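Visitor: Please take a close look at one part with me: the pockets, and the strands around them.

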Amino acid sequence: MRLFVALRFDDETIDRLLELQEAMKNAGIEGRYVPRENLHMTLLFIGEYKNPDDILDLMEEIRFKPFHVRMEHIEKYRDLYTVAFSVNNELEAYVRRLRRALGDGGVPFDRKKFYPHVTMVRKASCKEEFPILPEDLSDFDIEISHVSLMRSEQGKNGMIYSEMGGTDTSKGENSGL
C-alpha cells in the first residue's frame, strides 16, 4: 500500500483553504482542485510499504508536542498551485526526527528536501500570468496537534486518502487508529 506521513488540518483551516480555492477559481485558474478531504501537508512520502504498524511504532518513539504554522503565500510550481508555509523550526525539527527514525528503522522513503506546502490545484492552467489573489495569508495561525500516517489509493474519481493512525497530543499519547 502507498503510505505517507502528513499534517491534517482542523475544519477552520480547511474552510480557509477552500475559500482560497474559490478565489483561485474566480481568478481564472483552471485544473483539478484538491477536494476538501484530501487537503493536507505531506511531511514524508514513503510509497509502497506492506506493514504500516512498523511505521506507527517508529512514530510513537518520536517526541512530538503541538506547534503553530502560518500560511505564507500562494505559488505556482510547474502545473501545481500550492499554499506555501512560513519556515517553522518546530516543524522542521519534527521532520528531521521522523526521517531519522524511519531511516534507522529500515523504512524507505523519498528523501527530497522538505518544503512545507499544501497542494491546491493539479494540472493547473491560467490564461493570465500568475494571478494576484487578494488574500493575506499570514494572519492565520494554525495549531498542529496531530501527525497522521496516511494511505493513498486510486478511486474512481481520483485519490482517496485514509488515516492509518498517528500521533495526537490532545490525548496525551500517540494513537493507532
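Guide: A pocket is an open set of points on a 1 Å grid over the protein atoms alone, where a 1.4 Å probe fits, with protein on both sides within 12 Å along at least five of seven lines. This is a predicted model: local features need pLDDT of at least 70, side-chain atom pairs count only at pLDDT 80 or more, and totals for chains, interfaces and linings use all residues. Residues are numbered from 1 along each chain as its sequence is written, and side-chain values use heavy atoms, with hydrogens and water left out.

Start with the second largest pocket. It holds about 190 Å³ of space (a volume is the space filled by probe spheres set on the points, which are joined across faces, edges and corners). Lining residues have an atom within 4 Å of a point. Here they include Glu72, Phe85, Ser86 and Val87. Glu92, Val95, Arg96 and Arg99 line this pocket too. So do Lys113, Phe114, Tyr115 and Pro116. Helix H3, residues 89–104, gives the largest share, four residues (helices are DSSP runs of H or I, at least four residues; strands are runs of E, at least two; both are numbered from the N terminus). By class, this lining has six nonpolar, one polar and five charged residues (Ala, Val, Leu, Ile, Met, Phe, Trp, Tyr, Cys and Pro count as nonpolar, Asp, Glu, Lys and Arg as charged, the others, Gly among them, as polar).

Now turn to the largest pocket. Its volume is about 1,200 Å³. It is lined by 37 residues. Closest to its centre are His40, Thr42, His117, Thr119 and Arg122. The lining counts 15 nonpolar, eleven polar and eleven charged residues. Strand S3, residues 40–48, supplies the largest share, five residues. Other strands give at least two residues each, among them S1 (2–8), S4 (67–77), S8 (146–155) and S9 (158–168).

Look at S6, residues 117–126. S6 pairs with S2 in the antiparallel sense over four bridges. At one of these places, Ile29 has Cys126 of S6 as its bridge partner. S6 also runs antiparallel to S5, joined by four bridges. There, Val83 stands opposite Val118 in S6.

Note on methods
Pairing = 2+ DSSP bridges.
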